[in-house]
Amino acid sequence: MFQETEAGLSLASHYVDVRLVQRQILIGSGKNANKCLEKDLVVMGDTERRRGSLARSQVFESSAGAKPKRSIVLLGNAGMGKSTLIKKLCVDWSDGLLPQFDFVFLLDGKALTLPPEPTHSLQSLLLHLSSSPLPCPHPQDVFNHVLSVPERVLVIFDGFEVVRDMEGLLQCPADDSRGGTYSVRQLFSGLLQRRLLPGCSLLLSARPRGTVSGLLRRADSLLELSGFSPPDIERYLGQYFSGHSQQAPAPAPVLAPVLAPAPEEEEEEEEEEENRYVLSELSGLAWQGVKGHSSLLTLTLEHTIYVRLRVFGLRTGLVHSHWLRGGQGRDCDGDDISDDNILSWAHPFLQSFLGGVHLSVSRCVSDRALLTQILPQPRGRRRPQGECLDLAQRFAVGLLFRNKAELRDLATLDTGAMSAVVAKRAAVTSHLENLHPAELNPARLLEACHCVYETGDAHLVRQLVRNLPEVLSFQGVPLCPVDAFVVWNLLDQCRTPRRRFCLGLEDTGLRITGLKLLTGLHNINSYRACIADTITLWEELEQSGEEELLKAAVSKLTLNPFRVTQVSHVQHLSTLVKIHTNRRLSDNLSDGVLGEGIPAVRDLHKLEFELGPVNGPLALPKLLELLPALHSLQHLDLENSKLGDSGAEGLAEALSSLSSLQIINLSQNCIGDHGLERLAPALSTLPSLHCLSLYSNVISDGGADSMAAVLPQMTSLSDLDVKYNRFTALGAQSLASSLRDCPWIKSLGMWNACIPYGVLERLQQQDPRIQLL
């Protein structure tokens, strides 16, 4: 039943394998972590995505020694192809390519919207609500076999994004596989929590934003559809259009048959006007769904044109009907439509477009309401929103700036309605003209770029670019290819000699094609991006002979300050340092561009290691190995990294090459007497060190003596912090005695619970530079 994708096209001839990427979750840690450890997806660069790609046949495979993948979450933005991939997996199973499963049950996420009455059992859920082309001839025998070998059963739940209340879903799960009646939500909760069919495999599809965060901790494997690459697009279009003759027209937009000019005059004009009216009503419903993050079409008998909306939507293909109670399909002509089915929008982009139509042309939306709904506001934190809402907002702005004829094709616009559209356009223009981009956070700044781009107004483009901050950062905001193109287009249109930017692209997941576009702009002075992707870009540019672009990409890269927030960051930096040291990208390529090394490595002055005590020890050995090559390093922050005595010894060896160091933060690192005994002499050789923190370690009297012995040699040191350690009054007196021989030191933080307060107070009276709390 899944072989056909649309009329005349099949999965066998038109399916294109899209890259599947294994994703990981990150538990927040480190010195800046929140008290509650939030789980989130680890940001991946394009190079890591390529390396971590999986074939479709590997979805259910487990690596050697790992536990079986019993719970898999498939992530992908709206319209990315999750449902198509699931259909292909079902076809693979029917062709014998998934022999580990005797049964596959595909459930539609929209079933969770069915009434909450307990009218279903696990047997009816699997055998009647799943997507099966024919009724099961021996349901009891099949169900008994399912219960006897649950480990050979795959249950797929497509469209988990319909769930708005994850915690509520997990309440009162069904726990009886053989009997009892439950609601669909209770049955799904029982499957998810392994109360039903323990040992079965679950595949759940969802969008990255929204309630999916509640699934992450329950998943054995997280996979993501990363979308079509340029070769994928070419392959798909070639396959799609190969089935059409040259005389046949290309597939028309879905609204074309609705709004096409009619050959007959009066009757057809009335029908066209009626179509526009119904389309306006549907647009309002589309916007309500977009706001509520729902793809379902909520129609009730309260709508005065209830029947016409259903008939029109099904006839034109704007909406689809889902038969979730085991009923057979009906015609889409509106006759004999059962109330047991559920309607949904045919495609999320179509729903977003119609939502944008409502915002731009409906009289129900005032110009003031429009501004608050679709335009970036300078104040307040931006709430996370789905990509469908983003699209609707962009469509709305774009439609407002189209001509009158195009707008009349979408709605019935009399003089009053057209005046409202003009007023909205003027309000949007005024808002964008008065916007201060420097006050916007990265997410809102990207919104502003999209809004200005959609207007197509050259004046607004110039004004936006003129007011952009010099440091143009999108750090932490996912940038898809469309986002990269919009930013590139705006900056490329305005090549004012006076405007130069530093582009921040860290943790954006930007593809290398977008990185090439943006770094090649003449008004980009410098950029920060994923190091692995940057190196891949350089290699591709050298292989393609684009030497000028390569020179620009190398010279514009900046790393300072470099923050290590993932274990992979250290490996990437190590690779970059090797390129800098060897003066070549690979053994087979020339070193003309890198004859003087990489400026970004030479100019790296500050390194912050923020992996925390859990992940820190995993990357510390590699970091200590590469540190000696960072000759210009002035500030090294290793706080809360569980360095320990062995790490302190390794750091001591590296310090001999870091003569430029001025600030070292070794707080909360479990450094004891042995580690400080090795570290102290190395610290005393640093000619520029003026600030050293050993706060909250495990230094006892022996370590305090080691530090006191070298203080007179550290003539550049001005601030030393050894508070919250374990040395006693003996160690404190040793440090205070050494301090008297160091008039250049401005402060010495010394308090800890092992030193009597009276001793500390007397030492402070003798030398006011000693600080307590």
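**Notebook: R50 and its chain**

I began with R50, and at 36% relative accessibility this residue counts as partly exposed, because the partly exposed class runs between under 20% for buried and over 50% for exposed. I kept in mind that this is a predicted model.

Next I looked up where R50 sits: it belongs to helix α2, which covers residues 46-51.

Then I asked which residues R50 is in contact with, once its neighbours within four places in sequence are left aside. I found R19, I512, T536 and E540.

I noted 31 helices and 24 strands. Of its 773 residues, 51% count as buried. I looked at contacts between residues at least 6 apart in sequence, and 75% of them join residues at least 24 apart. For the accessible surface I wrote down about 35,600 Å², with 51% of that belonging to carbon and sulfur atoms.

Last, I checked confidence. The chain averages a pLDDT of 83, and 84% of the residues score at least 70. I marked two stretches for care. Over residues 245-254 the pLDDT stays under 50, and the model has 9 contacts beyond four places in sequence for them. Over residues 326-340 the pLDDT also stays under 50, here with 16 contacts beyond four places in sequence. Where pLDDT is low, predicted coordinates should not be read in detail.

Notes
Residues are numbered from 1 along each chain as its sequence is written. This is a predicted model: local features need pLDDT of at least 70, side-chain atom pairs count only at pLDDT 80 or more; totals for chains, interfaces and linings use all residues. Side-chain values use heavy atoms; hydrogens and water are left out. pLDDT is the predictor's confidence in each residue, from 0 to 100. Contact means heavy atoms within 4.5 Å. Helices (H or I, at least four residues) and strands (E, at least two) are DSSP runs, numbered from the N terminus. Buried means under 20% relative accessible area, exposed over 50%, partly exposed in between (1.4 Å probe, protein chains only). Accessible areas come from the Shrake-Rupley method with a 1.4 Å probe; for residues, only the protein chains shown count as cover.
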